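The sequence and the model are shown first, and a description by region follows.

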Amino acid sequence: MSVSKYAMNHQKLTVCKANKVVEAGYKLSLNEQRVVLACIAQVDSTKELLATDEFELSAKDFAKLFSVSEDRAYHALTDVVETLFNRYVVLSNPFPDRSDVIRLKMRWISSIYYLDDKGKIVLRFAQDMLPYLSQLRGEFTKYKLEHIGKITCIYAIRLYELLAQWENT
């Protein structure tokens, strides 16, 4: 069980995820989306990600990353702990070599908890999500987390990701 030791250098946090996830169907609240992206930005997308790897996000870092007060950040994190576990992603044609699988429905995370005395959450990504966040080669989208830090609309974040996907085209 290794906890991410990624120093929260906000300018260097980069979100990398497979294009299948960028194009996937899912519904997350604004704060759920922010938490997921802040944790994805801690993943080294070139290395193997394990189901036991844990990612932390403190209220203080949440506040800095997303330009909200620390008080609002604490409330956001406690709310996300209650809801994020039940959220899922639906990928279309997830396996290029298998035409019999049309849709894959999977959870974002396998566990999440709040450390009250430290004002932070800790989560693990779900096993089925790991190949879409790590050891990425080929079709993936990459952008700086700070580029969406001040966006307050979930649809604008999704649109930004879709545009970032085609940035080099």
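## Helix α2 against helix α4

Helix α2 (residues 30–40) packs with helix α4 (residues 70–83) at an angle of about 90 degrees, and their axes are 9 Å apart. Because angles from 65 to 115 degrees count as roughly perpendicular, α2 is described as roughly perpendicular to α4. The model discussed here and in what follows is a predicted one.

On the α2 side, the residues that meet α4 are Asn31, Glu32 and Val35. Their partners in α4 are Ala76, Leu77, Val80 and Thr83. By type, the residues of the contact of α2 with α4 comprise four nonpolar, two polar and one charged.

## Helix α2 against helix α5

The packing of α2 and α5 has an angle of about 40 degrees, with the axes 9 Å apart. From α2, the contact draws on Leu30, Gln33 and Leu37; from α5, it draws on Ile154, Ile157, Arg158 and Glu161. The residues of the contact of α2 with α5 fall into four nonpolar, one polar and two charged.

How many of the 11 residues of α2 are buried? Nine of them are, so α2 is largely enclosed by the rest of the structure. The buried residues of α2 are Glu32, Gln33, Arg34, Val35, Val36, Leu37, Ala38, Cys39 and Ile40.

Some of these residues have been named above. Glu32 and Val35 are buried and take part in the contact with α4. Gln33 and Leu37 are likewise buried, and they belong to the contact with α5.

Leu84 is found in the loop between α4 and β4 (88–92). Its relative accessible area is 0%, and since buried means under 20%, Leu84 counts as buried. Beyond residues up to four places away in sequence, Leu84 touches Leu28, Glu32, Val35, Val36, Ile109, Ile112 and Leu123. Among these, Glu32, Val35 and Val36 are buried residues of α2. Leu84 and Ile109 are separated by 25 residues in sequence, while their C-alpha atoms are 7.6 Å apart in space.

Glu161 belongs to helix α5 (residues 154–165). Is Glu161 buried or exposed? With a relative accessibility of 0%, Glu161 counts as buried. Neighbours within four places in sequence left aside, Glu161 is in contact with Lys17, Val22, Tyr26, Leu37, Thr141 and Tyr143. One of these, Leu37, is itself a buried residue of α2.

## The loop between β7 and β8

Ser134 lies in the loop between β7 (120–125) and β8 (140–144). It counts as buried, at 5% relative accessibility. Apart from neighbours within four places in sequence, Ser134 is in contact with Val43, Asp44, Ser45, Lys47, Glu48 and Leu49. Ser134 and Phe66 are 68 residues apart along the chain, and 24 Å separates their C-alpha atoms.

Pro131 is also found in the loop between β7 and β8. Pro131 is exposed, with a relative accessible area of 52%. Between Pro131 and Ser45 there are 86 residues of separation in sequence and 9.5 Å in space, C-alpha to C-alpha. Ser45 is one of the residues in contact with Ser134.

## The largest pocket

The volume of the largest pocket is about 230 Å³. Which residues line the largest pocket? They are Ala18, Asn19, Lys20, Pro94, Pro96, Pro131, Tyr132, Gln135, Leu136, Arg137 and Glu139. The lining divides into six nonpolar, two polar and three charged residues. Pro131, described above as exposed, is included in this lining.

Most residues other than glycine have a negative phi. Ser67 is not a glycine, yet its phi is positive, at about 50 degrees. Ser67 is placed in the loop between α3 (59–66) and α4, and at 47% relative accessibility it counts as partly exposed.

Gln135, again not a glycine, has a positive phi of about 50 degrees. Gln135 is situated in the loop between β7 and β8. With a relative accessible area of 42%, Gln135 is partly exposed, and Gln135 is among the residues lining the largest pocket.

Conventions: Residues are numbered from 1 along each chain as its sequence is written. This is a predicted model: local features need pLDDT of at least 70, side-chain atom pairs count only at pLDDT 80 or more; totals for chains, interfaces and linings use all residues. Side-chain values use heavy atoms; hydrogens and water are left out. Axes are lines fitted to C-alpha atoms, for helices over the stretch in contact, and angles run from 0 to 180 degrees between N-to-C directions. Helices (H or I, at least four residues) and strands (E, at least two) are DSSP runs, numbered from the N terminus. Angles under 35 degrees count as roughly parallel, over 145 as roughly antiparallel, 65 to 115 as roughly perpendicular and the rest as oblique. Contact means heavy atoms within 4.5 Å. Ala, Val, Leu, Ile, Met, Phe, Trp, Tyr, Cys and Pro count as nonpolar, Asp, Glu, Lys and Arg as charged, and the others, Gly among them, as polar. Buried means under 20% relative accessible area, exposed over 50%, partly exposed in between (1.4 Å probe, protein chains only). On a 1 Å grid over the protein atoms alone, a cavity is a set of points where a 1.4 Å probe fits but cannot get out, and a pocket is an open set with protein on both sides within 12 Å along at least five of seven lines; lining residues have an atom within 4 Å of a point. Grid points are joined across faces, edges and corners, and a volume is the space filled by probe spheres set on the points.
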